Amino acid sequence: MITRQRLAAGVCALLAALTAGFAFPAGAVADDSGQAAPKVELVLDVSGSMSTRDIDGGSRMAAAKQAFNEVLDATPEEVRLGIRTLGADYRGNDRRTGCKDTAQLYPVGPLNRTEAKTAVATLAPTGWTPIGPALEKAAGDLSGGDGTRRIVLITDGEDTCQPLDPCVVAREIAAKGVGLTIDTLGLVPDAKTRDQLSCIADATGGTYTSVQHKEELSDRVGQLVHRAADPVVTPVATEGAGGCADAPALTSGLYTDREEFGQQRWYRVDVKPGQELRSSVSVAADRAVGPDYGVLLRAVTVHGREIVRGEAAGTGRTDVISTGLRYPRPESDDDNAGAETVCLQVTNSFSAASGVKTTPGLPLELTVDVVDGPGKASDVASFGLGRGWWLLGALVLAGFLAGLLWGWLSRWRVAVWRTN
């Protein structure tokens, strides 16, 4: 029995070591030196419905206050945090006045936990739910600088100040290419609230979470605030052209753009002999679209000859659809051979559902990577595994040896049992 336990432990250790070697490669630690301070603004609904007592025996407002206090205690020092309210001051019935009721409770900047907690403690459920105006103001609060910017919206109901649709506001914020993300949390939401908050989050690449308990609210808000402090690659806003001749010249990096329904967008990339162009594109469906859709990414020469393409298609509701391509340019015997201009064409076949606005265009994210091409046969992936063959061979060998030892031990135990 002791021998079998040691054998099992040894095999497990071998597999763990092999797996760890691939799961945590050397040099995987991000370098955040020189990164601008991240900014987060918590936008809290203080409308009258927040007094409803349906979250763990207490009111929604009490759950929000507890979550804020816990999050403020755990906010990383490098995060510049602010708090904005909606529906906190006006108690009347005038819709026009109620839909302007949004104010910055605590300015975005270095956090004084005592002052922020004191400000939150004074809040009481009061008025309307002007989500759209609050998002507009919050985007202004976070303007300026190059760091991560995130709005965390906590509400228990849909916007009561239409026609300023908060989904349209979120799309307009995303269309500005400022790299601002809106995450939404719905407190015990109904179907309409859930749909609206999902739409707001989808428009900016954020997340939507349904919350029904105090612990869930505290944990989720804390996760989002900490996420803002994580090093990220900030996309660069660009504007594709209607043809390759007028297209912007791109280098390796991450880019964002907007593309109308069925529109073509063109970009240019220079590739030298011996280099490989790798590119991918994602188009997000941030509003209701038709059931059939597709995205095409083509690499063509300046004369229009297709080099390679990547395409994806589907049927049904989706949040995003992506595709990519690779173009390795061969080495040249001519030492004076210059860079080749490769034209990247992005086309989508999304169709707008009835009554859905087509502007601004759909969010587009384009990745461009120009690297040195493979110089040796060993650099080329084999059947898609590349250097993963080493792991596969080691696992096969470990399994073969473990099987032999296990079989020998089993036979030995049977022989001992028969003898006894």
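Analyst: Contact here means heavy atoms within 4.5 Å. By that criterion, glycine 144 touches Lys39 and Arg149, when residues up to four places away in sequence are not counted. The model is a predicted one.

User: Where does glycine 144 lie, and why is it called partly exposed?

Analyst: Glycine 144 is in the loop between helix 5 (131-141) and strand 6. Buried means under 20% relative accessible area and exposed means over 50%; glycine 144 has 42% and therefore counts as partly exposed. Its C-alpha atom is separated by 9.2 Å from that of valine 178, a residue 34 positions away along the chain.

User: What makes a set of residues a nonpolar core, and which residues have the most contacts inside the largest one?

Analyst: The residues must be buried, of nonpolar type, and joined through side-chain atoms within 4.5 Å. The largest such core has 33 residues, and Leu44, Ile154 and Leu217 have the most contacts inside it. Among the elements that give two or more residues to this core are strand 1 (39-45), helix 2 (60-74), strand 6 (149-155) and helix 8 (214-229). Helix 2 gives the most, with seven residues. Leucine 217 is in contact with Ala63, Ala64, Ala67, Ile154, Leu185, Leu187 and Val211, its neighbours within four places in sequence being left aside. A second, separate core has 27 residues, including Val281, Ile321, Tyr327 and Leu344.

User: Why is the pair of arginine 113 and glutamate 77 called a salt bridge?

Analyst: The criterion asks for a side-chain nitrogen of Lys or Arg within 4 Å of a carboxyl oxygen of Asp or Glu. The closest N and O atoms of arginine 113 and glutamate 77 are 3.6 Å apart, so the pair qualifies. The pair links distant parts of the chain, with arginine 113 in helix 4 and glutamate 77 in the loop between helix 2 and strand 4, 36 residues apart. Arginine 113 is partly exposed because its relative accessible area is 22%, whereas glutamate 77, at 61%, is exposed.

User: How many salt bridges does this rule give, and which residues are linked in a network?

Analyst: The count comes to 14 salt bridges. Arg298, Glu306, Arg309 and Glu311 are linked in a network of them. Within this network, the side chains of glutamate 306 and arginine 298 meet at 2.8 Å, N to O. Arginine 298 has 16% relative accessibility and so counts as buried, while glutamate 306, at 31%, counts as partly exposed.

User: What makes strand 10 and strand 15 edge strands?

Analyst: Strand 10 (249-250) and strand 15 (306-315) each pair on one side only. They belong to an open sheet of five strands in the order 10-12-17-14-15, with mixed pairing. Pairing requires at least two bridges between strands; eight bridges join strand 12 (residues 264-271) to strand 17 (residues 340-348), and so these antiparallel strands count as paired. Tyrosine 267 stands opposite leucine 344 in strand 17.

User: Which residues form a nonpolar patch on the surface?

Analyst: Leu397, Phe400, Leu401 and Leu404 form the patch, with about 410 Å² of accessible area together.

Key. Residues numbered from 1 in each chain as written. Predicted model: local features only at pLDDT ≥ 70, side-chain atom pairs only at ≥ 80, totals over all residues. Heavy atoms only, no water. Buried < 20%, exposed > 50% of the residue type's maximum accessible area, 1.4 Å probe, protein only. Helix = DSSP H or I, 4+ residues; strand = E, 2+ residues; numbered from the N terminus. Patch = residues over 30% accessible without salt bridge, like charges linked within 9 Å, V, L, I, M, F, W, Y side chains within 5 Å. Areas by Shrake-Rupley, 256 points an atom, 1.4 Å probe, with all protein chains shown as cover.
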